[in-house]
Protein chains: 2
Amino acid sequence: MTQDRFDILGIGNAMVDVVARVDESFLSRHDMHKGAMILVDEAAAEKLYTAMPPGTESSGGSAGNTCAVAAMLGARVAYLGKVADDQLGEVFAHDLRSIGVHFPSAPLAGGAPTARCLILVTPDGQRTMNTFLGACVTFGEADVDEDLIASAKVTYLEGYLFDPPAAQTAFRRAAAAAHKAGRQVALSLSDAFCVGRHRDAFRDLVSGHVDILFANEAEITSLYETNTFEEAAEAARRDVKLAALTCSEAGSTIVHGPHTEIVRAEPAHVVDTTGAGDAYAAGFLAGGPPPAVGPLRSHGLDRAAEVIGHYGARPEADLRALVAKALAGG
Amino acid sequence: MTQDRFDILGIGNAMVDVVARVDESFLSRHDMHKGAMILVDEAAAEKLYTAMPPGTESSGGSAGNTCAVAAMLGARVAYLGKVADDQLGEVFAHDLRSIGVHFPSAPLAGGAPTARCLILVTPDGQRTMNTFLGACVTFGEADVDEDLIASAKVTYLEGYLFDPPAAQTAFRRAAAAAHKAGRQVALSLSDAFCVGRHRDAFRDLVSGHVDILFANEAEITSLYETNTFEEAAEAARRDVKLAALTCSEAGSTIVHGPHTEIVRAEPAHVVDTTGAGDAYAAGFLAGGPPPAVGPLRSHGLDRAAEVIGHYGARPEADLRALVAKALAGG
């Protein structure tokens, strides 16, 4: 095994979020299913953007958010993902690098623009997402830096990366490179609809190539097509070394060999489930290499992840102080 | 006089804000004067951006903010300003047009990029601004659409536009076109340091070409180089038909011919003085053409402007509802 250079290497769709507030009628006028993420092409993205109210832009992407939070928590983090050689690509790269994330991927020149996710926030706080994949669709095997993967304790893969056409082969190559180097592979299922679009490929990856699985209740029951969360959790126990399964109101269930640990959430703290999911994975992975999961660590980091939920997908607060406070209180 | 098509036509530096939170030591390490706006060139902007923490991007510019708020309050609004043909320029244009502001200015192709203001927010809520003018420096006489000016009740000029080299002649041309069409000219002094950089030109414009003047205490005393606010207010009374002079804690003083009206502020409501200044002008101008300033209107809109202060430079809330509430409560 080569020497550790990074605690976490994230691979995901590199994108910028465009967030605007709308009322419920905006969603129905545009035939949107509240809370879901759908893929849109460039023409549809432009049409929707024209119809959207004024927004704010900030760096996003599920694994990108996880890497940003993990770096803020003090982990050594690297990230691979494809932006274009444009202003939004510069914003994405700046926001990761300025908090110390190593982001070596060369931007795509002369192709599609940097991916963006048009996020419509309704008065109930739910986020309905419309993603134009842009430059992300070119992410492929050639972008998988095997030396970088070998230097990271855990390679963390974002489920949304199943959508770009060339990324599935890149995923398998990244997982093989990590295992060849004696490293671990983590996967977040990202979205129940994404799991539904690529269920067979997800099942194959999870059973053969993943050590640590992150999923919420909807995603894990969609993956295994079970009626209950408990059945899905047992299926995950057979497939992976460790599964961290979140049920927003009920907290999370950690399945690890014969062990099952249930961590209660404090519902009052959760305001943004999307950002909290990414932050939960960050808190979990930044805590050290699995399988060193103890009650204090998981409970403290779970609480930290809930607190993080206050600050959106990319928190602005001093997370190390928040974690210290959460651990002291837990 | 041609028929009214717009209530307000704003002219200003068209820019995107990049906002990040820093601690006090960041400002001292970079030799910044807290609360001030300074101009930086492209190299300095890039160096500072590299050093800045992750940020969020949103449309800005003082007159742009005023126009956005006025449109949200129900006024018919147009805007002239120079963006580049790039992604940040698209963001700026989208954010104005999507709330109904007419923005006909053609983007600059092949020159400097869209202007940006790197804003560092310290824990006390103060904003320290570093502006790279980019495409704004090309705004000149050719960009002054005289037919558009003739169709607007008030042409509103942003003081910051004194900084780009060609804009002062554009300002005078816009003022002349407005008066030729029997319209009014409003000016916001924007910033005491900006007034200091261009005092003679400001004095000349204010005394000869401005009907309605917006300024805060620091700006108006800098303009007239007086020791007291009262002396400056008397100088403004001689120069313009109407001056709306704000003193953040003490409220605002409206000087109008022989009349002086003092409107008390409710300090607890003010959280962001930068955005509140732009919003105050919007509330004032959106209330109808001067000199129809009555106690109810000025008091109600002043209160609305304070409430608006909660929501940053470009509010996300339903402003018409807030104004109705403020008027009912006032």
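Predicted model: local features only at pLDDT ≥ 70, side-chain atom pairs only at ≥ 80, totals over all residues.
The phi of Asp31(B) is near 50°, a positive value in a residue that is not glycine. Such a value deserves a remark because most residues other than glycine have a negative phi. Asp31(B) has a relative accessible area of 73% and is therefore exposed, the cut-off being over 50%. A positive phi, of about 70°, also occurs at Ser190(A), which is likewise not a glycine. Ser190(A) belongs to the loop of chain A between β9 (184–188) and α7 (192–197). Its relative accessibility is 15%, so Ser190(A) counts as buried, for which the value must be under 20%.

Chain B contains an open sheet of 8 strands, which follow one another in the order β5-β1-β8-β9-β10-β11-β12-β13 with mixed pairing. The edges of this sheet are formed by β5 (77–80) and β13 (259–263) of chain B, each of which pairs on one side only. From one strand to the next, the twist averages 15°. In general, the strands of a sheet pair through backbone hydrogen bonds, in either a parallel or an antiparallel manner. Within the sheet described here, β8 (residues 152–158) and β9 (residues 184–188) of chain B run parallel and are joined by 5 bridges. One residue pair illustrates this arrangement, with Thr155(B) having Val185(B) of β9(B) as its bridge partner. Helix α9 (residues 217–224) of chain B packs on the sheet, where it touches β10 (212–216) and β11 (242–247) of chain B, and the direction of the helix makes about 110° with that of β10(B).

Helix α3 (residues 62–72) of chain B is largely enclosed by the rest of the structure, because 11 of its 11 residues are buried. Among these buried residues are Ser62(B), Asn65(B), Cys67(B), Val69(B) and Met72(B). The helix α3(B) is followed by Gly74(B), whose phi is positive and near 105°.

Ser58(B) is part of strand β4 (residues 56–59) of chain B, and with a relative accessibility of 18% it counts as buried. When residues up to four places away in sequence are not counted, Ser58(B) touches Gly55(A), Thr56(A) and Glu57(A) of chain A, together with Val16(B) and Asp17(B) of chain B.

The relation between the two chains is described by a rotation of 180° with 0.0 Å of shift along its axis, which superposes chain A on chain B with an RMSD of 0.0 Å. The two copies are thus related as by a two-fold rotation axis. The same surface serves both copies, since 100% of the contact residues of chain A recur in chain B. Glu57(A), one of the residues touched by Ser58(B), is the residue of chain A that comes closest to the rotation axis, with its C-alpha at 2.4 Å.

In chain A, the axes of helix α6 (residues 167–180) and helix α8 (residues 199–209) come within 11 Å and cross at roughly 5°. Since angles under 35 degrees count as roughly parallel, α6(A) is roughly parallel to α8(A). On the side of α6(A), the contact is made by Gln168(A), Phe171(A), Arg172(A), Ala175(A) and His179(A), while α8(A) contributes Ala201(A), Asp204(A), Leu205(A) and His209(A). Sorted by class, the contact of α6(A) with α8(A) has 4 nonpolar, 3 polar and 2 charged residues.

Note on methods
Residues numbered from 1 in each chain as written. Chains lettered and ligands numbered in written order. Heavy atoms only, no water. Helix = DSSP H or I, 4+ residues; strand = E, 2+ residues; numbered from the N terminus. Buried < 20%, exposed > 50% of the residue type's maximum accessible area, 1.4 Å probe, protein only. Pairing = 2+ DSSP bridges. Axes fitted to C-alpha atoms, helices over the stretch in contact; angles between N-to-C directions. Contact = heavy atoms within 4.5 Å. Least-squares fit on C-alpha atoms with pLDDT ≥ 70 in both. Parallel < 35°, antiparallel > 145°, perpendicular 65-115°, else oblique. Nonpolar A, V, L, I, M, F, W, Y, C, P; charged D, E, K, R; others polar.
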